Amino acid sequence: MLDAITKYLNTRGTPGEAGSMLWATIYILIITIGISLAVIAMNWLERKILAHMQIRLGPMRVGPHGLLQPFADALKLLIKEDIIPENADKLVFWSAPVVVTMTAFTTFLVVPFGREHAVTDMNIGILFMLGISSLGVLGIIMAGWSSNSHYPLMGSLRSSAQMVSYEVAMGLAIVCAVLMTSLQTGTGTLSMIGIVQAQAQQHTWFIFKFFPLGFLAFAIFAIAMVAETNRAPFDLPEAESELVAGFHTEYSGFRWSLFFLAEYAAMLAVSSIAVTLWLGGWMRPFPHWLHGPIWDLAFSFLPALTLLVLCELCLVGAARMPKIPQMKIQTIGLGLFGLLLGFAGLVLLLPGVRERVQDIYWFTVKIAFFMYLYIWYRGTFPRYRFDQLMKVGWKVLLPTGLGVLIATAIWGLLPQISSAILGVLP
Amino acid sequence: MSLSPLIRKILLVDLIKGLKVTFDYQKPSEAITEQYPLERPVVYERYRGLPRLKVDPEKGNSMCIVCNLCALACPEQLIVVKGERNPVTKRKEPVSWSYDLSRCMFCGLCAEACSTDALELTQDFEIAFYTREGMVLDQAALETGHEPKRYEK
Amino acid sequence: MSDFENDYRHAKSGQSGPGVVDYLDLDTKDQTYLDANELVLNMGPQHPSTHGVLRVILKLDGEKVLGTECIIGYLHRGVEKIAENRTYAMFNPYVDRMDYVAAVSNGLGYCEAVEKLLNTEAPPRAQYIRVILTELCRIASHQVWLGTHALDIGALTPLFYCFRDREEILRIFEKYCGARLTTHAFRIGGCIYETYDGFEQDCLKFCDAFLPKLDEYEELLTTNRIWVRRTKGVGILKPEDCIALGVTGPVLRAAGVKWDLRKAQPYECYSKFDFEVPTGLNGDTYDRYLVRIEEMRQSVRIIRQAVDGLPQGPIMAKIPKVLKPPVGEVYTSIEAPKGELGYFIVSDGSLQPYRLRVRPPSFVNLQALDKMVRGLLVADVVAVIGTLDIVLGEVDR
Amino acid sequence: MATEQKGMAVPEDNKEENSVLPEPKPPEGTTAASASGEGAKEKPSVPDSETKPATPVAKPETPAPATGDKPAAAPAAAKPAAPAAKPAPPKPEGPKPEPWQSELVYKLKAQYGSGIKEASTYVGQKYLVVDSSIAYEILLRMRDDELYDYCVDITAVHYPKREAQFDVVYILYSFHHNERVRVKTQIKDGETLRSAVAIWPTSNWLEREVYDMFGIGFEGHPELKRILLPEDWKGHPLRKEYPILCQDQQWVKNNLGIESGQ
């Protein structure tokens, strides 16, 4: 048993590469649980960050600083009455959240959290992600249609139109990145791991490649991905001030929570695409500029350090809690949570663990940045109207994307073109 | 000059300005949330809250002289006072008081009408009751003031 | 006959009129447009952005609005009937409950009307206090409007900033008269409360702190491209339509009609203050937004002047303790934050009004909804409801 | 404070005598109807039938203490009242309506003669009383020729004792003159007026409200139905015979599923 574990760990490849069914299953489980936990954390963070942007405090009662709020909510959703509208198409109504959640989670099969931290390294990885994530719209349409109600119907129709039109711009931006992978090796790759490796070989993140082309492509993707996940300012399918809750108006309880889960999982998925394609995936910042064993060592301490800082914040928070009997449990809870984080941080200091989690850490940090952007947008921007959304998609992003694609191709071919011209010239 | 708006538009200046505002407000010190049971709101002097019937601090009898002005001034007619003349002191004393708080809109007209300043609206704002009947205050409840329920946890 | 009336009649008879979407003839000809029947969407009375219990029935073609019908009355309390059964002084607190967002303005309008009936006037100091509080109330009302309007359009955050600043105003109200929302601040013949210590400083402090905050709202919204796109050209009301529909207040001014009762028929001591009446050009949602923002600035100006010039003296006119106005009838109106707020009182010489009619600005303005949203999208309906700044308590009374 | 109190007691007493009636009144169904109708020849059938079921529910509730209490309070207040009540009558009667003389009035009078029943100002506010048959014409004229282009409000007043029970009041404003004029017309119960929707679209809801509250019909109104009350509600609340503690019990029962909303 131990042998099997070490044998796999020594291969330094994904379970898919190692051909290990057992490890693939374990990875899938870890990813599923991890994503669910991330969604829960995201839920809390979104509330807190949004609240602070809106000069509120956010949840403060359930657990210290509302840390247990997402769990309380999850519990509430699970024990809530499961309502299916009388005239709903029961089968479709039932399957819609399943479809949405399944697709959102399936995309994570190919997301490389590290060189060896992916379920498998598919050679069409990015295509697979796009394909699966666009299946999610099917679930949304199913939800909207089967609810047999006007608001969900309109929400789902908006959603489908929006997703289809923004996928075009998104695809163009992705093609730019894929083009960039082919520049030095001559053959491009659609593999997610391959794309990151290409960035490692080219000693740059693609966002800085061919400045400003890489950045433009990234910007197009960054806008399209917000629209793709139905988040503010493109949250028309669930625009609560217009359509009450859009496609999931009629859903409640557990089914609704599946939509919620899927929405956040989709956000994580598209963010991980963005991270992989433009922000160097699991690579730490400046791997070539700040290289050498000392820098490696310094950077490898960062994950542990982050956790220790969080631990310290928790302990300080616990110390600053109001000293009254009612807050006693909360204070103790926060202190224990801090200690838990501190323990985890200490574990991460172990050399073997340290090396293995580093890539996951950087990947997570980069995704967290996108998550923050999502929340930030939501806290700041008004919502587009439907026709304006379409206008932005088709009239701004699509032409820009095409232009960037062509420009990237030309720029990439410049050496060949110039040498060809030089060769023709006498 | 005409170029500048275009550049601003391309550089998303308008959006970034908005983002900056929300970003700056994230400081916890900016939060205005009041953690109610822990932090008590400031209630100002003139606040019109729970009504109270004053008792003469020296003599210990009610300051109400049953002039009925409050009952007449009340738009909702929710005050009912009955009194009779005390043969000893020759002044009218309330026999029964009823103040239906469930219909009160705290306009303060009764306190303004009171000729002896016996009735006043206090700063007590925590006036939740478990029953509708409980909201009809009698003289004792009005005089002692309703035991302020401190909502804690 | 204005263009509007034609539209109006056509709309009612189900035929298409000039300027209205062509699909209006759907129901008469029984033909379909792209095989799609028109969709009837019931918005409200429980809907996040109908500002209470407004119910709008939308006839849609896809997302395009072909027609609307407002169903109101869910909050009807029979205020006018109550008035007939209360004495003049007793009815005063009730008016606060109509436009509860701008309770002080309502109270002012009512006191004005009864004073007119009694043929008296509040003493100068009372007038100044009234003006200060009413202008504060205007700011508070506009802040609620701004917050909710932005929320309707999808910007979540301005709501909280607005409410934070409104809180300061409510605090002044609470300090002054003991209540925050339904203030019952004024009495017939003046004010009953003398200003508290530090009233002037509080007002000035608020004014100083408020203007930078207003700039902040503007940074969030005024130039924001999404906001501009969502509001420019949406819900246009031309001046002639405004007048035909009886629309008043910022909606009228945004259409370019420079008409403000504070200037046109100054009541209280408004004639003594120097302020501008902002107007818009296009009469669209964006102009209404700008007009209201500018009105807040002008209100600050008025408050500053009024605080500086606050005279000494009595605050209550010499009126009998029990009001028994002579037989007669008056109509007076004030410029409430939402438009012309009028009170028509018929007195039969008794203690109670024989008939009291409130001319609610929200009620009349809401009528324009149908005209404004024809041919727009569902999302615009929400924006237009927001920009009309209705308070259902006042619509339904 | 004490002196004021005495002075105050006087009119409060008056109030007791003449007009605090709404609460005590509703209880007895038939007498209430006759009392509130007071000889006016209105049709009491509808509100009356509604009053009866309302009373048993209303009685044990809040009005009961009010009725019980007031007689007790009244005598107490009456004693000091008697001497102080004397200064009240010589009090000036207040302003009286004065004739409104202006070109507009002369023109209208010349054209319509006795159709213009009254043209007066009262505390500076101008009003015209016109015959109901020419009301529409006058309104149209006011808008087109006299530039009273903004219809502020349309409302009505009910005088059950008069033969023409209703005053319908149009409050008009002119942006041009910066002036307000009220046009009043009197109609009998059951009569209709020509709708002003064609003149001012704003009349639509205002007339609907008048219809809802008073039951005054408007001819040519595009959709004359109730606006604030439910469509199948019975009675018109702002008529004087409609008591304040009255509701359409049948409607409440049918639509809300409860016995009484009061």
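This is a predicted model: local features need pLDDT of at least 70, side-chain atom pairs count only at pLDDT 80 or more; totals for chains, interfaces and linings use all residues.

**Entry 1: positive phi**

I looked up A:Asn148 in the loop between helix 6 (125-146) and helix 7 (150-185) of chain A. A:Asn148 is not a glycine, yet its phi is positive, about 60°. Most residues other than glycine have a negative phi.

Next came D:Asn178. I found D:Asn178 in the loop between strand 5 (166-174) and strand 6 (179-187) of chain D. D:Asn178 also has a positive phi, about 50°, and is not a glycine. D:Asn178 has 11 other C-beta atoms within 10 Å, so I logged it as exposed. The cut-off I used for exposed is 12 or fewer.

**Entry 2: domains of chain C**

I took the domain assignment of chain C, which gives domain 1 (3-71) and domain 2 (79-396). Their C-alpha centres lie 31 Å apart. How many residues of domain 1 of chain C are in contact with domain 2? I got 18 residues of domain 1, against 20 residues of domain 2. On the domain 1 side, strand 2 (55-61) and strand 3 (64-71) of chain C are the elements that give two or more residues. Strand 3 of chain C has the largest share, with five residues. By class, I logged ten nonpolar, six polar and two charged residues on that side of domain 1.

**Entry 3: chain B with chain C**

I turned to the contact between chains B and C. Chain B puts in 18 residues and chain C 23 residues. In chain B, helix 2 (13-24) and helix 4 (109-113) give two or more residues to the side that touches chain C. Helix 2 of chain B gives the most, six residues. I sorted this side of chain B into ten nonpolar, three polar and five charged residues.

**Entry 4: chain C with chain D**

This contact takes 42 residues from chain C and 41 residues from chain D. Which elements of chain C each supply at least two residues to the side that touches chain D? I listed several, including helix 1 (3-13), helix 3 (79-84), strand 6 (328-336), strand 7 (339-347) and helix 14 (361-366) of chain C. That side of chain C divides into 17 nonpolar, twelve polar and 13 charged residues.

Note on methods:
Residues are numbered from 1 along each chain as its sequence is written. Chains are lettered from A and ligands numbered from 1 in the order in which they are written. Two residues are in contact if their C-beta atoms, placed from the backbone, lie within 7 Å. Helices (H or I, at least four residues) and strands (E, at least two) are DSSP runs, numbered from the N terminus. Ala, Val, Leu, Ile, Met, Phe, Trp, Tyr, Cys and Pro count as nonpolar, Asp, Glu, Lys and Arg as charged, and the others, Gly among them, as polar. Domain bounds come from an automatic or database domain assignment. A residue is buried if 20 or more other C-beta atoms lie within 10 Å of its own, exposed if 12 or fewer, and partly exposed in between; C-beta atoms are placed from the backbone.
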